[in-house]
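Subject: Structure handover

Dear colleague,

Please find below the structure I promised to pass on, together with its sequence.

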Amino acid sequence: MAKLDPIVEFREDHRKVRDGLMKLASAAESGDLDTARTTLGDINVAVGPHFRYEEESLYPAMKEFLGEYVDRLIEEHDGAIKTARVAAQILSQSSVSAEEGKAAAGAARALLIHVSNCDGLNILAERFSQAKLDQLADAFQKSRDQGVPLLEWAEKIRERKVAA
Ligand SMILES: [Fe+2]
């Protein structure tokens, strides 16, 4: 199998998650709970391997360009995990009030900011050596193959814990 291109796939993930979050926000707001739940589930599955790849491989590599700023990226992930938990908690209820639907939509929109910020890292990733890009490709592939959803990864695998 040809190696994945870590720059292309990184952006592809962001597109998928962007579209998912927009769909989630409008479904949660309009009270379409089935769509909101399914979409959140899809996002959780897509984002898990992405975050894991970022924290285990991409961010450490980014220290070459960003130095200690990388720590801020990890803190941003803490916030994203918290926000995803809030949305999941709201949507796991058997019925969701209009106000709660709005809160879930707000959570989805807050996560969009992370998608937008994160995509900017690609402009830096283009400056990695080919050897580094090859390593990142392998790491990205491995994380996808393992396929651990976001909230499960955050709870069971990620060493850094986010308080509820
Ligand atoms: Fe990202």
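The crossing of H3 and H4 is left-handed, and in this predicted model the axes of helix H3, residues 69–91, and helix H4, residues 98–119, come within 9 Å and cross at roughly 155°. An angle over 145 degrees counts as roughly antiparallel, and H3 and H4 are therefore roughly antiparallel to each other. On the H3 side the contact is made by Glu 76, Ala 80, Thr 83, Ala 84, Val 86, Ala 87, Ile 90 and Leu 91, which meet Glu 100, Ala 103, Ala 104, Ala 107, Ala 108, Ala 110, Leu 111 and His 114 in H4. Sorted by class, the residues of this contact comprise 12 nonpolar, two polar and two charged.

The other helix pair I looked at is H1 with H2. Helix H1, residues 6–30, packs against H2 at an angle of about 155°, with the two axes 9 Å apart, which makes H1 roughly antiparallel to H2. The crossing of H1 and H2 is likewise left-handed. From H1, the residues Asp 13, Lys 16, Val 17, Gly 20, Leu 21, Lys 23, Leu 24, Ala 27 and Ala 28 take part, and they meet Thr 35, Ala 36, Thr 39, Leu 40, Asp 42, Ile 43, Ala 46, Val 47 and His 50 in H2. The class count for the contact of H1 with H2 is 10 nonpolar, four polar and four charged residues.

As for the chain as a whole, the protein chain has seven helices and zero strands, so that the order of elements from the N terminus on reads α-α-α-α-α-α-α. The radius of gyration of the protein chain is 16 Å, close to the 15 Å that the globule rule gives for 164 residues, so the chain is as compact as a globular protein of that length. Taken along the principal axes, the C-alpha atoms fill a box of roughly 50 × 35 × 25 Å. Of the 164 residues, 29% count as buried. Among contacts between residues at least 6 apart in sequence, 77% join residues at least 24 apart.

Val 115 is found in helix H4. Is Val 115 buried or exposed? A residue counts as buried if 20 or more other C-beta atoms lie within 10 Å of its own, and with 20 C-beta neighbours inside 10 Å, Val 115 counts as buried. Leaving aside its neighbours within four places in sequence, Val 115 is in contact with His 14, Val 17, Arg 18 and Leu 21. The C-alpha atoms of Val 115 and Ala 154, which are 39 residues apart along the chain, are separated by 18 Å.

Arg 11 lies in helix H1 and counts as partly exposed, because 15 C-beta neighbours are found inside 10 Å. Not counting residues up to four places away in sequence, Arg 11 touches Asp 119 and Asn 122. Between Arg 11 and Ala 137, 126 residues apart along the chain, the C-alpha separation is 13 Å.

Leu 33 belongs to helix H2 and is partly exposed, with 17 C-beta neighbours inside 10 Å. Which residues does Leu 33 contact, leaving aside its neighbours within four places in sequence? They are Leu 91 and Val 96. Leu 33 and Ser 94 are 61 residues apart in sequence, yet 9.4 Å apart in space from C-alpha to C-alpha.

Phe 65, finally, also has its place in helix H2, which spans residues 33–66. Phe 65 is partly exposed, with 13 other C-beta atoms within 10 Å. Once its neighbours within four places in sequence are left aside, Phe 65 is in contact with Leu 124 and Arg 127. The C-alpha atoms of Phe 65 and Lys 23, 42 residues apart along the chain, are separated by 34 Å.

With kind regards

Terms used. Residues are numbered from 1 along each chain as its sequence is written. This is a predicted model: local features need pLDDT of at least 70, side-chain atom pairs count only at pLDDT 80 or more; totals for chains, interfaces and linings use all residues. Helices (H or I, at least four residues) and strands (E, at least two) are DSSP runs, numbered from the N terminus. The radius of gyration is taken over C-alpha atoms; the globule rule is 2.2 Å times the number of residues to the power 0.38. A residue is buried if 20 or more other C-beta atoms lie within 10 Å of its own, exposed if 12 or fewer, and partly exposed in between; C-beta atoms are placed from the backbone. Two residues are in contact if their C-beta atoms, placed from the backbone, lie within 7 Å. Axes are lines fitted to C-alpha atoms, for helices over the stretch in contact, and angles run from 0 to 180 degrees between N-to-C directions. Angles under 35 degrees count as roughly parallel, over 145 as roughly antiparallel, 65 to 115 as roughly perpendicular and the rest as oblique. A crossing is left-handed if the near helix is turned anticlockwise from the far one by less than a right angle, and right-handed if clockwise. Ala, Val, Leu, Ile, Met, Phe, Trp, Tyr, Cys and Pro count as nonpolar, Asp, Glu, Lys and Arg as charged, and the others, Gly among them, as polar.
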